[in-house]
Amino acid sequence: MKKTIQIHMGGRQFHIDEDAYQKLNHYLESLKRHFVAEGEAAKEILEDIEHRIAELLEKNLSENHQSVSIEDVNQTISILGKVEDFIYEESAAGGSIPEAGSYSRRDYRRLYRDEDSNYIGGVASGMAAYFDIDALWIRVAFIVLAFLHGVGILVYLILWVVVPKARTTAEKLQMRGVPVTLSSIRESVNAEYDKVKTGFSHIGDHNAIRQTRSAFENILRGLGLVFVAFFKFIIGAIGVTFLITGAIILAVLIMFILAFAGILGHFPVWNGFELPSLTHLFASTGHYYLLIIALVVLVIIPIVALIYWGIKILFNVQSRHPALRAFLLTTWILALVLFITVIILNASHFTMEARVAHTARIETKKWPRLYIDVQDNTVDKRITEYNVFDRTFLYSDHENALFTVPELAIGLSKDQGMYMGIEKYASNVVPNQSDEAMDRIYFQWEQKDSVVYINNYLTTRDEDFWMFGQVRLNLQIPEGQVVVLSERACELLDPDQRYRYCQDSMLTNKPAVMTPDGLRLLENQKSRSPRNK
Amino acid sequence: MDFENAKAQMRKGVLEFCILSILSRGDAYATDILNTLKESELIVVEGTLYPLLTRQKNAGLLSYRWEESTQGPPRKYYALTEKGSEVLKELDASWRSLIEAVDSIVKK
């Protein structure tokens, strides 16, 4: 005797065989999952169906047949229909699914997130179902990718957002491809049978015509298939291209942003090209962070969209995020407006060139021979040389200061005094603030007895980068004054004078006298030096 | 061309109209409606009817009451609401004009 179970369903009592019970339970579970899509109404629908099941089961019971058997359950299920049958009927109305019986397993598959067997968002298990492999491999791949600058994490997050969760049974089936059910087999067999039947009915009277036509048809169909395959290949290729370019641009961009934001500090981007941590570099714009945020949003959104479309094309994903799309578009437009506003605001701020000059006297009376030398004001200041886009600058991370080489020019004094003219100039200065800007260009020189020391660098704060502050020194020497230029002083001279005075060490470290035509090597020195040797 | 699919689409389109029609002739419980629909081969599997009934009820086209039955537990009897009759009238009108339109083309 079989083991029976007593159940209460649809207001009726039943004795049911154990295997029948299992089958019924399984069926009800599948219905429950399927009707999840109906939301609140699901419970009511299930109750109604249970009522009907109970009614049908009861009809089969009689004096000799008092407990529900598996045959009864099977019969009931065939009357009410399986979930697959519902899907077919529902999708037929929607018309979005290819002809029954003719679709391939692959066509019908969609990428969903599988939250029934997930660890995080069900992305890996969903992909595993799509590719028909063990989820473990996908997970391993994500973890390996995660170590490559976090690419895996990024891809995972994007997929999490983009790929919808499989909610209904229909979607869960689509996730794995359409399983081979009795109904789908029946449909495909019927379709084939119909084809053959119509084929046979033409045989006989139209035999010859039929044959040629079918040959022609076959060629056409073959061409069609080739075309479809080609088209699918192109679509796939476009998807892959979108995905890869998007991902690469995104990765590079994130690196750049991190480098600029100073998070990565000295980040070697490529051969010899280094970006310093110049967080304050743009701060003089006053809108540095706004500008960066706008720029990031402007660039990131299209790239994410590119990846999104790539995934959609590749994996046949059904998008369920109209709100997200609207949000992204709005954000992008806002970022564009912000970007343009900041640019215009700042451009209007940076219209002025500023210049200031003053002259100081150099004491010459006590020292008939003056030495012009350079002192290094960078000692112990930890400065690094950076080369960005052909522009070399010296920067101290420690002091957030930029170091620039001043220019030196030697000229004839208009009177008997010797003077040091210091001319500071800068571009991109905010109007009405030129005095303050000039004060921020810091340069020093000093006279120690007979030596005039010039600092080899002027310094500006890094936030004044765009000012391109510069100092030009005009050393005015009276006629007849003897000076000695050190080697390093020579290096500061502008190219013309450097050629004229320091070529082949002509005047370097030698006494020279000022004449109306410029510096000349002292005459008696010339005759005396060979004798000294 | 897949004619089965076209047929299924047509069937589905008129199914809701037919449910309202059946109920306009008098209140009925789900099995009555099912039997009528199955006789005319409008539905293949019964399970598809229940979500439709619930949707129509939630849309305010139908109401239901529980009624004692001689053959078992109480049954859920559906009835057409006022809104349901109005919708039915509209559907009926558009159905007739559709038939005329199609006939005028097909029977030419």
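## Helix packing and strand pairing in a predicted chain

Residues are numbered from 1 along each chain as written, chains are lettered from A and ligands numbered from 1 in written order, and side-chain values use heavy atoms without hydrogens or water.

**Overall picture**

Chain A holds 16 helices and 18 strands. These are DSSP runs numbered from the N terminus: H or I over at least four residues for helices, E over at least two for strands. The chain has 533 residues, and 38% of them count as buried, meaning under 20% relative accessible area with a 1.4 Å probe and protein chains only. Its accessible surface is about 30600 Å², computed by the Shrake-Rupley method with a 1.4 Å probe. Carbon and sulfur atoms supply 60% of that surface. Among contacts (heavy atoms within 4.5 Å) with a separation of 6 or more, 68% join residues 24 or more positions apart.

**Helix pairs**

H1(A) covers residues 18-34 and H2(A) covers residues 42-60; their axes come within 11 Å and cross at roughly 155°. That makes H1(A) roughly antiparallel to H2(A). Axes here are lines fitted to C-alpha atoms over the stretch in contact, and angles run from 0 to 180 degrees between N-to-C directions. The crossing is right-handed: the near helix is turned clockwise from the far one by less than a right angle. From H1(A), Leu24(A), Tyr27(A), Leu28(A), Leu31(A) and Lys32(A) take part. They meet Leu46(A), Ile49(A), Glu50(A), Ile53(A) and Leu57(A) of H2(A).

H5(A) spans residues 123-131 and H6(A) spans residues 135-146. Their axes lie 8 Å apart, at an angle of about 125°. This crossing is right-handed. The H5(A) side includes Val123(A), Met127(A) and Phe131(A). On the H6(A) side are Ala135(A), Ile138(A), Arg139(A) and Phe142(A).

H6(A) also packs on H7(A), with axes coming within 5 Å and crossing at roughly 125°. That makes H6(A) oblique to H7(A). Phe142(A), Leu145(A) and Ala146(A) make the contact from H6(A). Their partners in H7(A) include Val151(A), Ile153(A), Tyr156(A) and Leu159(A). Leu157(A) sits in H7(A), residues 151-162. With 44% relative accessibility, Leu157(A) counts as partly exposed, the class between buried and exposed (over 50%). Its C-alpha atom is 8.9 Å from that of Gly121(A), 36 residues away along the chain.

**Sheets and hairpin**

One open sheet has 4 strands in the order S5-S11-S15-S10 (chain A), with mixed pairing. Its edges are S5(A), residues 352-362, and S10(A), residues 407-412, each pairing on one side only. The twist averages 20° from one strand to the next. Strands pair when DSSP finds at least two bridges between them. Ala360(A) stands opposite Met420(A) of S11(A).

Another open sheet has 6 strands in the order S12-S13-S6-S16-S17-S18 (chain A), again with mixed pairing. S12(A), residues 445-448, and S18(A), residues 518-521, each have a single partner strand, so one side of each lacks a neighbour in the sheet. Neighbouring strands are turned by 30° against each other on average, direction ignored. Val482(A) has Val513(A) in S17(A) as its bridge partner.

S1(A) and S2(A) form a hairpin with 2 residues between the strands. Gly10(A) takes a positive phi near 55° there. His8(A) is bridged to Gln13(A) in S2(A).

| Strand pair | Sense | Bridges |
|---|---|---|
| S1(A) and S2(A) | antiparallel | 6 bridges |
| S5(A) and S11(A) | antiparallel | 10 bridges |
| S16(A) and S17(A) | antiparallel | 3 bridges |

**A loop with positive phi**

Ser505(A) lies in the loop between H15(A), residues 495-502, and S17(A). Ser505(A) is not a glycine, yet its phi is positive, about 55°. At a relative accessible area of 40%, Ser505(A) is partly exposed. Asn509(A) belongs to the loop between H15(A) and S17(A) too. Its phi is positive at about 60°, although Asn509(A) is not a glycine.

Definitions and conventions:
This is a predicted model: local features need pLDDT of at least 70, side-chain atom pairs count only at pLDDT 80 or more; totals for chains, interfaces and linings use all residues. Angles under 35 degrees count as roughly parallel, over 145 as roughly antiparallel, 65 to 115 as roughly perpendicular and the rest as oblique.
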